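The following note collects points for a colleague reading the model alongside its sequence.

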Amino acid sequence: MATRSALINVMVRAAEKAARGLVRDFGEVEQLQVSRKGPSDFVSAADLRAEKMIREELSKARPEFGFLMEESGGSKGSDATARWIVDPLDGTTNFLHGLPHWAISIALEKSGEIVAGVVYEPVHDQMFWAEKGQGAFLNHQRLRVSERRNLSDALVATGIPFKGRGDHAGFLNEAEMIMKEVAGIRRFGAAALDLAYVAAGRYDGYWERGLSPWDAAAGVLLVTEAGGFVGEIGGGRNPVFGKSILAANTHLHLPLAKLLRVAGDRRVLPPASPAGSQPA
């Protein structure tokens, strides 16, 4: 049985404490006070309460650490090398529509590196956690990415850009390219859980563009500690703070990256000239 460090226990306690309020609110989702934050981007009273609770709990344990939080932004601590990166409710749209697929994500960044992460899915009491160099776990069970080697057997996840956000035509190119080669594509609407599921071998890969650090930080560590590979879609190595993410087992990461690159190349090609026409 895996033994959690003191650091992970602090993060787990903060997630579990916030989860109790979220679960209560989820049971009364129709009564939640909801305000519009932007196109198709909602923030609930539950979200704000959870963030406040997580901040208080983490501050009690590590008062010197700073924060980067989805709703309240960034703040520096007396230890300039350490900060918590928090999404108190990943999958807000699912939550507000009564869909039981949402999570709390907490990561710790030290000297620019993610060293610990927790993704908690309260509805089914699934606590995904990882610490750098110590492996990734679901509750007390060790996680490993899948061993599938063929795209034709692979189940991959993605995030679809929504109203007012992202490159819709570009995404459709990518989805078309990948759906021809894989067993299936899923879109469940919670990036932290998508990454946790890659770590658990439930998905063989996952790609998305336009994420924020709090969406990806904990999940990226989960995947790498479970033996997978995570990078940016174009080949960059900073998926937490970059503009895109591609996570997969080590067998399928390169084939998926190639498909996405082909889709990107096709997106920027000029339209073909009509037959028989000559350039001006």
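**Notes on the predicted model**

1. Strand β13 (residues 205-209) and strand β15 (residues 244-248) run antiparallel and are joined by 5 bridges. Within this pairing, Glu-208 stands opposite Ile-245 of β15. These remarks, like those below, concern a predicted model.

2. The two strands belong to an open sheet of 5 strands with mixed pairing, in the order β12-β11-β13-β15-β14. The edges are taken by β12 (184-186) and β14 (229-231); each has a single partner strand, so one side of each is left without a neighbour in the sheet. On average, and with direction ignored, neighbouring strands of this sheet are turned by 15° against each other.

3. Helix α4 packs on the sheet and touches β11 (155-158), β12 and β13. Its direction makes about 165° with that of β13. Helix α6 (residues 213-225) also packs on the sheet, where it touches β14 and β15. The direction of α6 makes about 145° with that of β14.

4. The buried residues of α4 are Gly-170, Phe-171, Asn-173, Glu-174, Ala-175, Met-177 and Ile-178. Glu-174 has a relative accessible area of 5% and is therefore buried, the limit being under 20%. Neighbours within four places in sequence aside, Glu-174 is in contact with Trp-207, Arg-209, Leu-260 and Ala-263.

5. Most residues other than glycine have a negative phi. Asp-125, in the loop between β7 (113-121) and β8 (126-131), has a positive phi near 50°. Its relative accessibility of 43% makes Asp-125 partly exposed.

6. Asn-139 lies in the loop between β9 (135-138) and β10 (141-142). Although Asn-139 is not a glycine, its phi is positive, at about 55°. With a relative accessible area of 27%, Asn-139 counts as partly exposed, because that class lies between the buried limit of 20% and the exposed limit of 50%.

Note on methods. Residues numbered from 1 in each chain as written. Predicted model: local features only at pLDDT ≥ 70, side-chain atom pairs only at ≥ 80, totals over all residues. Heavy atoms only, no water. Buried < 20%, exposed > 50% of the residue type's maximum accessible area, 1.4 Å probe, protein only. Helix = DSSP H or I, 4+ residues; strand = E, 2+ residues; numbered from the N terminus. Contact = heavy atoms within 4.5 Å. Pairing = 2+ DSSP bridges. Axes fitted to C-alpha atoms, helices over the stretch in contact; angles between N-to-C directions.
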